Amino acid sequence: VDDVPADTISRRFRYDVALVSALKDLEEDIMEGLRERGLDDSTCTSGFTVVIKESCDGMGDVSEKHGGGPAIPEKAVRFSFTVMSITIQAEGEEEAVTIFQEQKPNSELSCRPLCLMFVDESDHEMLTAILGPVVAERRAMKESRLILSIGGLLRSFRFFFRGTGYDEKMVREMEGLEASGSTYICTLCDSTRAEASENMVLHSITRSHEENLERYELWRTNPYSESAEELRDRVKGVSAKPFMETQPTLDALHCDIGNATEFYKIFQDEIGEMYLKNNPTREERRRWRAALDKQLRKKLKLKPVMRMNGNYARRLMTRESVEVVCELVPSEERRKALKELMELYLQMKPVWRSTCPAKDCPDQLCRYSYNSQCFAELLSTTFKYRYDGKITNYLHKTLAHVP
């Protein structure tokens with residue numbers, strides 16, 4: 001952004017202006033949608049509803065590699081939105097009619113940046129200071145109607161905002177929850193880590209923005225004069241003021257990554273026959289890992305990575321790689337269990353990977369609950385040594401919340 005004073009740390013559009021610009025971009029699509037539905041565009045001037053998906057994520061390291069620029073944080077955060085759908089409720093009609101639906105809602109092409117900030121996403125004070133006005137504008141627009149000329153006639157739009165494009169770290173920050181290492185492992189339900197590892201599949205989604213706000217008030221005022229421990233248990237880990245409403249979702253990429261990290265560790269443990277040992281030395285563990293990396297590199301050309309990333313995760317979670325790992329697993333029944341685990345996982349994965357599971361993979365969707373129960377059963381019996389009283393956040397979500 002060229003014409004900006006050097007010490008600026010964020011640039012943003014006014015939210016309503018950005019929405020107008022997005023709708024004007026879709027003007028032809030809207031008119032075509034009206035024609036396709038056989039609606040007379042001269043009568044359709046009000047009753048338009050627009051659903052907006054909001055996203056916010058850290059953009060990692062954006063430092064100048066040999067810079068002499070202004071001193072700013074080396075991290076950046078982007079807040080953006082996507083127009084998901086536009087429907088119209090015609091006069092005297094029961095059903096609303098969809099006249100525009102974004103075909104690729106997860107593509108960068110449909111994602112419109114609203115605010116770019118040089119901020120570290122962990123710096124809560126800075127982030128909330130910059131996004132505060134965005135939240136205020138969004139609140140104002142929830143109540144009001146936008147009147148805009150589309151196809152030569154003034155039409156009235158109302159907006160619904162759905163904050164679904166956040167990863168778990170950002171959801172916790174926006175909703176006032178403790179960080180992801182907390183005993184309250186889930187952003188969707190009140191389960192603790194121990195409870196989630198005992199009961200892997202049966203949890204319903206209970207958290208909501210309103211409830212988080214109420215719990216924060218309890219935390220702040222402590223009306224029952226409880227001890228810190230009791231109070232924390234009452235509010236289930238809500239210990240900061242929720243700042244922006246998010247919708248309960250599961251972030252598919254981090255789900256991939258989190259689960260692949262788990263499988264990578266299971267592979268190591270199985271190579272070293274961990275289920276027979278009680279506490280192996282660091283050296284032993286290092287040897288198992290080296291054996292696994294060497295095998296994956298030799299057979300699958302999969303180079304070890306410092307931190308699990310999406311591409312590595314997708315290549316690790318395949319039938320080929322489990323075959324290759326099984327070559328190093330001594331016992332036949334353990335090999336069978338590993339293959340079964342991967343098979344179940346591959347049945348489940350398309351469901352949280354797809355934009356429209358009911359359309360793309362109806363069979364896997366129907367079988368999901370059953371598959372996740374079988375998966376949990378395997379973990380709590382054959383792989384008990386890993387899941388005794390502990391489970392990772394994303395494994396819990398994959399098993400309990402995807403359906």
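Biologist: How many residues of domain 2 are in contact with domain 3, and with how many residues there?

Modeller: This is a predicted model. Its domain assignment places domain 2 at 172-235 and domain 3 at 252-401, with domain 1 at 9-165. Counting heavy atoms within 4.5 Å as contact, the numbers are 17 residues of domain 2 and 15 residues of domain 3.

Biologist: What share of the area buried between domain 2 and domain 3 do carbon and sulfur atoms give?

Modeller: The C-alpha centres of these two domains lie 28 Å apart. The area buried between domain 2 and domain 3 is about 1400 Å². Of that area, the share from carbon and sulfur atoms is 63%.

Biologist: Which helix gives the most to the side of domain 2 that touches domain 3?

Modeller: By class, that side of domain 2 has 9 nonpolar, 6 polar and 2 charged residues. The helix that gives the most, with 4 residues at 193-198, is α5.

Biologist: How many residue pairs are in polar contact between domain 2 and domain 3?

Modeller: Salt bridges between domain 2 and domain 3 number 0. For polar contact, with both residues at pLDDT 80 or more, the count of residue pairs is 7.

Biologist: How far apart are the end C-alpha atoms of residues 248-403?

Modeller: UniProt, in an unreviewed entry, lists these residues as "domain: V(D)J recombination-activating protein 1 ZnH2". The span is 69% helix and 0% strand. Its end C-alpha atoms are separated by 13 Å.

Key
Residues are numbered from 1 along each chain as its sequence is written. This is a predicted model: local features need pLDDT of at least 70, side-chain atom pairs count only at pLDDT 80 or more; totals for chains, interfaces and linings use all residues. Side-chain values use heavy atoms; hydrogens and water are left out. Domain bounds come from an automatic or database domain assignment. Buried area is the accessible area (1.4 Å probe) that two parts lose on being put together, summed over both. A salt bridge is a side-chain nitrogen of Lys or Arg within 4 Å of a carboxyl oxygen of Asp or Glu. A polar contact is a pair of N or O atoms within 3.5 Å; within protein, one must be able to donate a hydrogen and the other to accept it, and residues adjacent in sequence count only if both atoms are side-chain atoms. Helices (H or I, at least four residues) and strands (E, at least two) are DSSP runs, numbered from the N terminus. Ala, Val, Leu, Ile, Met, Phe, Trp, Tyr, Cys and Pro count as nonpolar, Asp, Glu, Lys and Arg as charged, and the others, Gly among them, as polar. UniProt positions are given in the numbering used here, feature names are shortened, and annotations may be inferred rather than shown by experiment.
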